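Trainee: I would be grateful for a close look at the aromatic rings of this model. Please take me through them in one connected account.

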Amino acid sequence: MKIIYQDHEITLDDELTLLEFVRSQGLSEQGVAAAVNEEIIPKRSWAEFRLADGMQVDIFNLVAGG
Amino acid sequence: MLKLAGREFNSHLIVGTGKYASGEQLVQACLASGAQIATMAVKRVDTEHHTDEIVKPLLEIGVQLMPNTSGAKNAREAVFAAKLAREALEVDWIKVEVHPDVKYLLPDPLETYAACKELIKDGFKVFPYIPADPVLCRRLEDLGVSAVMPLGSPIGSARGLETLGMLKIIIAESHVPVIIDAGIGCPSDAVKAFELGADACMVNTAIAAAGDKILMAKAFNLAQQAGRLAYEAGLAGQSETASPTSPLEAFLKEAMQ
């Protein structure tokens, strides 16, 4: 299965939920937000949200700024 | 005491977190400044470059987080950024910044207004970064913003309060707190803003790009104390002519008689 993550196409060997995918990227749920196909997915739904072929996944966090 | 969106703060300074060399340096500067509110930006996770964690250390020193929508080119993007920030931080404060022009980073008032309208409906505490326009401030106030953040001069320009005349009107007429944002280049700019009656000043580059950032943060801390005290004391009035501070009797002539 292929998804677009942060503008790059990546291949996933297994079917993953959004929560599993976030963790697989070395990120914790804290302090991040995720959007799939430009729609924000609330954290409470991550464990049930199954990624599918072709989905565009973006993960955001807070960085320094004025 | 600074009151913003139902919270009270001892410091009237808000600091931006950009341009620091490390998270540790940022935290030390923040502590030295005495600021209890700090801004930050929402961005896609950078998978290739390491960036220091800033949220956790700021929360540990008790700072209120004020995420911004910097990078948004229109209202739609600003609303998206605000919702991402709320989802990530579980904080409903948002500094709305919409500046499509990268040369001067001047805020787009129409897109900013539209974003504020939608975000207020969605329950956000909204702090818009705006041109120093008293009419726009009034319109935003009517929408229900938590404060207005008019600019002194372009972001990072260190040109101080170039919009002084308009800032005076905004401060005089506003029913919501006025936070002077952008362009404050030195502590005396902040003192001036506070003497005029500004409720808060937002400072980033002036501290983060100073030679000794910690020392400059302390200077701004003292500036906000001096400026606010002066405002609360009430400034002595100005006049075109002199007003004597010593007795003017011709004491010598009288003594010689």
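Mentor: Let us begin with a charge and a ring. In this predicted model, the charged end of B:Lys95 is placed over the ring of B:Tyr129, at 5.5 Å from the centre of that ring.

We turn next to rings that meet other rings. A pair of aromatic rings is described by the distance of the centres and the angle of the planes. Over all chains, the count comes to 4 aromatic pairs. One of them is formed by A:Phe60 and B:Phe80, with 6.1 Å from centre to centre and 85 degrees between the planes. The pair is edge-to-face, because its angle is over 60 degrees. A:Phe60 belongs to strand β5 (residues 56-64) of chain A, whereas B:Phe80 belongs to helix α3 (residues 75-89) of chain B, so this pair joins two chains. A:Phe60 is buried, with a relative accessible area of 11%, while B:Phe80 is partly exposed at 26% relative accessibility.

A second example lies in chain B: the ring centres of B:Trp93 and B:Phe127 are 4.9 Å apart and their planes stand at 35 degrees, so the pair is tilted. This pair links distant parts of the chain, since B:Trp93 is in strand β6 (residues 93-96) and B:Phe127 is in strand β7 (residues 125-130), 34 residues apart. B:Trp93 and B:Phe127 are both buried. Together with B:Phe9, these two residues, B:Trp93 and B:Phe127, form one aromatic cluster.

Notes
Residues numbered from 1 in each chain as written. Chains lettered and ligands numbered in written order. Predicted model: local features only at pLDDT ≥ 70, side-chain atom pairs only at ≥ 80, totals over all residues. Heavy atoms only, no water. Phe/Tyr/Trp six-rings, centres within 6.5 Å; stacked < 30°, edge-to-face > 60°. Helix = DSSP H or I, 4+ residues; strand = E, 2+ residues; numbered from the N terminus. Buried < 20%, exposed > 50% of the residue type's maximum accessible area, 1.4 Å probe, protein only. Lys NZ or Arg CZ within 6 Å of the ring centre and 35° of its normal.
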